[in-house]
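Subject: Structure handover and notes

Hello,

Please find the structure below. My notes on it follow, with the cut-offs given where each term comes up.

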Amino acid sequence: MPQYVGAIDQGTTSTRFMIFDHGGSVVGSHQLEHQQIYPQPGWVEHDALEIMQRTQEVMAGAMKKVGITASDLVTIGVTNQRETTLVWNPKTGEPYYNAIVWQDTRTDSLCNELAREGGQDRFRAKVGLPLSVYFSGPKIKWILDHVMGVREAAERGEAIFGNIDTWIIWNLSGGMNGGAHITDVTNASRTMLMDIRTLAWDDEILDILTIPRQMLPEIRPSSDPNGYGAWQGIPICGALGDQQAATVGQTCFSPGDAKNTYGTGCFMIMNTGTDIVASQHGLLTTLCYQLGGQPAVYALEGSIPIAGALVQWLRDNLNFFDFSQHVEDYARQVPDSGGMYIVPAFSGLFAPYWQSDARGVMVGLTRFINKNHICRAALEATAFQTLEVLQAMKQDSGVTLSALKVDGGMVYNNLLMQFQSDILDVPVIRPKVAETTALGAAYAAGLAVGYWQSLDDLRQNRQVGQRWEPAMEPSTREMLYKGWLKAVQRSMEWA
C-alpha cells in the first residue's frame, strides 16, 4: 500500500524533492542547486533543461535515502518559482531560449510603453496586478519579439509557454509523448494574462500583448482529483506557486490568516477568502488556491524580490563568508547596524512601491562601519521590507495581525526572527516543519486523492517549533523605521 506523498519544490536557486507522511512530517528529502545566468545587468536566466535534470536527480535521490520506490507514493504535488517564463517546442522538448527568471528586468521599457495608455494599473481591475517586469506576460512577449522564429513557431502550434510548474508537469507526464500542458490557478494568476474573476485567459490582454492563445496551458484547480497526468504510474494531483503552497502548508485557510516566506525573496500572503480585495496600497490581488470544484480562494500579497538573495550576494559577490548561515555569526558581533542601512533594490522596488527604476544602496556609512554591521544591516533589510508590506496589508484589509507565521530558509536565523518580532511588535511563529512550501504542494495533492480528508486534518498536523516575542522599546522601533524610509527614498529613480 502506498504510504507517502511526494512534493517537487522547484525554487529560484535549487530544486528539492520531499517525502511526507500522514502526519505532515518529513520522511526524506534531497536538494540540488542549479546555475544562475546573468547575461547582462538586470537580466537573470535559468537553463530549463538543467532544472529538469535536477528534478529527476532529486526525486531519485530522496527515494533512495528513504529506501522506497515510486510505488510507495500515493500522489505527487508540484510547487515552483512563479513568473519564471519558458517557451519550448512541444515536438522536440527543446526550449527556444533560457527561462527568464521572475527577478529579470529586461521588460522594463515594454512595461513603460504599455503603461502609456491607462497607466501602471491598466490591467489591474482584471488581473489584480500592476504592470511590472515581475510577471510572465511581458516576458512571453519579449521572447516572441526577440528570439528568431519563435513567433512563427507559436502560430504553427510549435511553441508553447509555461511557468516552471507547467514545464515540470509536461515533462513528467510524458513530454513529447502526450505530456499534460497545464497550469493551476495560482500560477496563471501571476502571468498578468488571466482574469481573476473568470479564471480564464483574457483575450483582450492577449491581443494587446500579441500573444497567441494556443501557446497557453489549460488552467486547472490547485488540487485536482482528475490529476494532471502521471509519473511512473503515480498521479500528479497538486500544483501551486511557491508562495501559495507555503500558505497552504501553514494552514492559512481562514480569511485574515497570513504567512511570510523568507527565501530568495520575501513574500507575505493574507487569505481574503472568496472575496477579491482590490489593493489601494501597492499589494497584489492574487489567487490563494482552488481545491477541486470548490470556489477559488483569493489573497493579498506583498512581494519583496531580495531577501535571502542579499545574503547570497554578500557570500558570492563580496566573499564575506563561505556559507550563508554564517551571516548570523558576523551580525551577532555588533549590537546594531551602526546607523547604516542596505536597501536591496537589485531588481527595483516591488511592494508597496513598484518602482522599477530603483537600485540597491548602502547609506549611513562611516569609518566606524565594518563587515559585521553590513551583515546585520542585510538581515534587518528583510525585516524592514516585511514591516512595510504588513502595514499596507492592514490598510487594505482592515485586519491587524496578532502574530506572524513564518517559513523558508531564513527562519532558522534566530537573530533575524527576533528583530522581525521587535520591528513588527507582534509575535513571530515558526512551525515545527518549516518546509511549508513543499508541504503545501503535498497537501494539495494528498487532498485530491483522499490521503487527507479535510482541511481540519491538515490543521491538526501543524505544530509550533519556536516563537519569538517583541522586546524593543517603541521609541527605538520608531527611530529605526524612520531611518529605513529615508534610505528607501535614496534608492529611487536611479536607473
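Are Tyr134 and Phe135 buried or exposed? Tyr134 is buried, and Phe135 is buried too; buried means under 20% relative accessible area, exposed over 50%, and partly exposed in between, with a 1.4 Å probe and protein chains only.

Some conventions before the rest. This is a predicted model, in which local features need pLDDT of at least 70 and side-chain atom pairs count only at pLDDT 80 or more, while totals for chains, interfaces and linings use all residues. Residues are numbered from 1 along each chain as its sequence is written, and side-chain values use heavy atoms, with hydrogens and water left out.

Aromatic pairs

A search of the whole structure gives 20 aromatic pairs. Rings of Phe, Tyr and Trp (its six-membered ring) pair if their centres lie within 6.5 Å; planes under 30 degrees apart count as stacked, over 60 as edge-to-face and the rest as tilted. Trp43 and Trp142 have ring centres 5.5 Å apart and planes at 85°, so this pair is edge-to-face. The two residues are 99 residues apart and link distant parts of the chain: Trp43 lies in the loop between strand S3 (26-33) and strand S4 (45-46), and Trp142 in helix H4 (residues 136-146). Helices (H or I, at least four residues) and strands (E, at least two) are DSSP runs, numbered from the N terminus. Trp43 is buried because its relative accessible area is 17%, and Trp142 is buried at 11%.

Tyr134 and Phe135 form a tilted pair, 4.8 Å centre to centre with 35° between the planes. Both belong to a cluster that ring pairs build from Trp102, Tyr134, Phe135, Phe267, Phe350 and Trp354.

Charges over rings

The charged end of Arg106 sits over the ring of Trp43, 3.8 Å from its centre, and that of Arg82 sits over the ring of Phe267 at 5.3 Å. The criterion is NZ of Lys or CZ of Arg within 6 Å of the ring centre and within 35 degrees of the ring normal.

Ala246 is in helix H9 (residues 242-249) and is buried, at 0% relative accessibility. Leaving aside neighbours within four places in sequence, Ala246 is in contact (heavy atoms within 4.5 Å) with Lys259, Thr261, Asp407, Thr436 and Thr437. Its C-alpha is 7.3 Å from that of Leu439, 193 residues away in sequence.

In helix H13 (residues 414-424), 9 of the 11 residues are buried, so this helix is largely enclosed by the rest of the structure. Asp425 follows H13 and has a positive phi, near 65°.

Regards
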